[in-house]
Amino acid sequence: MQSWSEIAVPTVPGSGPPLRLYDTADRQVRPVTPGATATMYVCGITPYDATHLGHAATYLTFDLVNRILRDGGHQVHYVQNVTDVDDPLFERADRDGVDWRDLGSREIALYREDMAALRVLPPRDYIGAVESVGEVVELVDKLLASGAAYVVDDAQYPDIYFRHDATEQFGYESGYDRATMERLFAERGGDPDRPGKRDPIDALLWRAARDGEPSWPAPFGAGRPGWHIECAAIALNRIGPEFDIQGGGSDLMYPHHEYSAAHAEALVAHRRFARHYVHAGLIALDGEKMSKSRGNLVFVSKLRAAEVDPGAVRLGLFAGHYRQDREWNDTVLTEARTRLAQWRRATSLQSGPAAEDTIARLRQHLADDLDTPKALAALDNWSTEALDYGGPDRSAPASITEAVDALLGIRL
């Protein structure tokens, strides 16, 4: 699947401290320790609707990670999937009277446009579930052979499930107790009441073919992939086990990330699928989580159509810490526009205060678990001083402009 176009990133002189991120599994902030090439997998969209600000907040979080790693001298092998075959896609296509493939293609194209407009660095590998079905079949076959998976006793629909106890460490990522797992499994796409399962929280690996649904051939019977195995297959086959960062929104922590990790760990016998599990907070509108089911979405494409500057969108979402659930409203956008205008006025001056200390603080705050509120405050201080008092350094405005572009993805 085609990604969007590359985004030019300026090179900023010097370097900052190594990146530290909160790891969900370890419940603490700790160093990210990549080699020359950092590896990162971020779960992508299910393309049945347009990109909203909840999506944008997640992808901007990992865009910052990408930029900081690059600024630290690493190459970044970034992989993102698209769940372009799934029940929500079929349901929306049926509601709208369109072919599910056409709906998916349309929304994927719009997502690419939104990401390019927001200046999100594209993944090296952008992989759809449909194009990875063969990889999923291979993994399911291995899980069946190892005893980590089983076929339900259902002559009509012999679906295949993963034994949640197939790995000794299952549950380490989220740390949830059994009652919480059962509740979230039911709320987030699981099927605890499916007859024939050995345990209510065993997760679907392969859905046997049904009338009116797409299916693909497999040695264990035609069907289509479950959600979690899709990401396990794509990540294993692009960047391998024990990669540096698995990322997504906090609502993916369980069950999606827990099971995709367990599927892979059962296959390759590694203790951890990823060295870091990183989760971004959710975005609310008027006090309610922004979600398709609530219908309270702010779409990136509609902001673009209203000529809202992408830099203001980034600044509005960066005003709160990435791990916090936070609000989007008119005040947030107004403050972001005001901040962006101030920075642009300051960097348009012929000279200003020396930039080195401000850039060092910017790097330091971003490397400290993406502390964007402090990073923005450091730039506010520089721009206020530049506008109020000026400064002798003729290179400072250009240096700040390049640093903001490279590290925050905002064009001044």
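Analyst: Two strands pair if DSSP finds at least two bridges between them; strands (E, at least two residues) and helices (H or I, at least four) are DSSP runs numbered from the N terminus. This is a predicted model, with local features needing pLDDT of at least 70 and side-chain atom pairs pLDDT 80 or more, while totals for chains, interfaces and linings use all residues. Numbering starts from 1 along each chain as its sequence is written, and side-chain values use heavy atoms, with hydrogens and water left out.

On to the domains. The protein chain splits into domain 1 (20–149 + 226–294) and domain 2 (308–322 + 330–408), with bounds from an automatic or database assignment. On the domain 1 side 24 residues take part in the contact, and on the domain 2 side 17 residues do (heavy atoms within 4.5 Å).

How much area goes under? Domain 1 and domain 2 bury about 1700 Å² between them, and 62% of that is on carbon and sulfur atoms (accessible area, 1.4 Å probe, lost by two parts on being put together, summed over both). The residues of domain 1 that lose the most area to domain 2 are L64, R67 and I68; together they make up 30% of what that side buries.

Now the polar side of that contact. Twelve residue pairs are in polar contact between domain 1 and domain 2, both partners at pLDDT 80 or more (N or O atoms within 3.5 Å, one able to donate a hydrogen and the other to accept it; residues adjacent in sequence count only if both atoms are side-chain atoms). The salt-bridge rule (side-chain nitrogen of Lys or Arg within 4 Å of a carboxyl oxygen of Asp or Glu) finds four across the interface of domain 1 and domain 2. Which bits of domain 1 do the touching? β1 (20–23), α1 (53–71) and β11 (274–280) each supply at least two residues of the side facing domain 2, and α1 gives the most, with eleven residues.

For the whole model, the salt-bridge count comes to 33. One of them joins the side chains of D63 and R314, at 2.6 Å from N to O. D63 sits in helix α1 and R314 in helix α9 (residues 310–318), so this pair ties together parts that are 251 residues apart in sequence.

β1 is joined by four bridges to strand β2 (residues 28–31), and the two run antiparallel. Within that pairing, D23 stands opposite Q28 in β2. The two strands make a hairpin with four residues between them, and R27 in the turn has a positive phi of about 60°.

I283 has R326 as its bridge partner in β14.

Most residues other than glycine have a negative phi, and most peptide bonds are trans. R119 has a positive phi, near 65°, and isn't a glycine; the loop between α3 (100–117) and β5 (125–128) is where R119 lies. A cis peptide bond joins Y254 and P255, with omega about 10°, and P255 belongs to helix α7 (residues 253–268).
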